[in-house]
Amino acid sequence: MQVQEELIRRRVVHTSPNGKNRTFSSNHCFAQMIICGNCGEVFRRVHWNNRGKKSIVWRCVSRLENTGLFCDARTVPESQIEQVLVIAINQALCDKDAFLVTLQNNIETVIIYENDQTLAAIDKRLEELQTELLKLASSKADYEDVADEIYRLREEKQKAQLDNVSRDELKKRITDMGDFLRKQPTTITEYDEPLVRRLIEKVTVYEDKFTVEFKSGVTVDVNE
Ligand SMILES: [Zn+2]
């Protein structure tokens, strides 16, 4: 359970370059998703009123509050981000075969790093140490070193479990993307929020382009 929670925590928090964690302040689909390619901060949704002309834009947080970072990243209309996502998803659909090959490679990389063996080895060692601890304790010998070692191994075990959960989650995301590509026959014409929530991990805004990263790990550049 702890492992699941940690994974969720990791996903909802963006760590800023200055070390401050940012938790969700808005549940808009783009919250925590739009990242500044200039200073590394997140973009925030702003209601813009330019001489009576109202619009919704996204701006780097460093331009809205004091983050300790100077940033002159551009201001992006929300409609432009939606359009960029339609283009990126369509590119994935048009280039289906290439994407499926990349996804397959990603899955193989994930599998290579699986560490079930590490976990089994830690469990075995923990069992041995626990027996030793009992023996030492019952003979009134000093068992502090053994206890320390058990403590250390438990932490290591938790870390290994966490890595496995992350990998399972990533494998699921990659498979999900593959299913989407196989099922969706044609390109999309309109911005589709549920689809974006399902497929897109983040969008990095640069001066001359947007880099769209899918949850599967695949990235697409959109020059705009
Ligand atoms: Zn910035």
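This is a predicted model: local features need pLDDT of at least 70, side-chain atom pairs count only at pLDDT 80 or more; totals for chains, interfaces and linings use all residues.
How many residues does the hairpin that joins β7 to β8 pass through?

Residues are numbered from 1 along each chain as its sequence is written, and side-chain values use heavy atoms, with hydrogens and water left out.

**The zinc site**

Select the zinc ion. It is coordinated by the SG atoms of Cys36, Cys39, Cys60 and Cys71, at 2.3 to 2.4 Å. Donors are N, O and S atoms within 2.8 Å of the metal (3.2 Å for Na, K and Ca); water is not among the atoms, so sites may look incomplete. The angles among the four donor atoms are 96 to 119°, and the site is tetrahedral (four donors count as such if all angles lie between 85 and 135 degrees). In sequence, the spacing of the donor residues is C-x2-C-x20-C-x10-C.

Now select Cys36 and Cys60. This pair links distant parts of the chain, 24 residues apart: Cys36 is in strand β3 (residues 34-36) and Cys60 in strand β5 (residues 53-60). Strands (E, at least two residues) and helices (H or I, at least four) are DSSP runs, numbered from the N terminus. Both cysteines, Cys36 and Cys60, are buried, a word for under 20% relative accessible area, whereas exposed means over 50% and partly exposed lies in between (1.4 Å probe, protein chains only).

**The open sheet**

Next, show β3, β7, β8 and β9. They form an open sheet of four strands in the order β3-β7-β8-β9, with mixed pairing; two strands pair if DSSP finds at least two bridges between them. Strands β3 and β9 (219-223) are the edges, each pairing on one side only. From one strand to the next, the twist averages 25°; axes are lines fitted to C-alpha atoms, for helices over the stretch in contact, and angles run from 0 to 180 degrees between N-to-C directions.

Strands β7 (residues 200-205) and β8 (residues 209-214) pair in the antiparallel sense over five bridges. To follow them, select Lys202 with its bridge partner Glu213 in β8, then Val205 with its partner Phe210. The hairpin that joins these strands, β7 and β8, passes through three residues.

Move on to β8 and β9, which pair in the antiparallel sense over five bridges. Here Val212 stands opposite Val220 in β9. The hairpin of β8 and β9 has four residues between the strands, and in it Gly217 takes a positive phi near 100°.

Beyond its neighbours within four places in sequence, Glu78 is in contact (heavy atoms within 4.5 Å) with His28, Phe30, Arg45, Ile56, Val57 and Trp58.

**Two loop residues**

Finish with Gln32, in the loop between β2 (21-22) and β3. Its phi is positive, about 70°, although Gln32 is not a glycine. Is Gln32 buried or exposed? At 17% relative accessibility, Gln32 counts as buried. Arg51, in the loop between β4 (43-50) and β5, is exposed, with a relative accessible area of 84%.

Methods: Four donors count as tetrahedral if all angles lie between 85 and 135 degrees; four count as square planar and six as octahedral if opposite donors are over 155 degrees apart and all others between 65 and 115; anything else is irregular.
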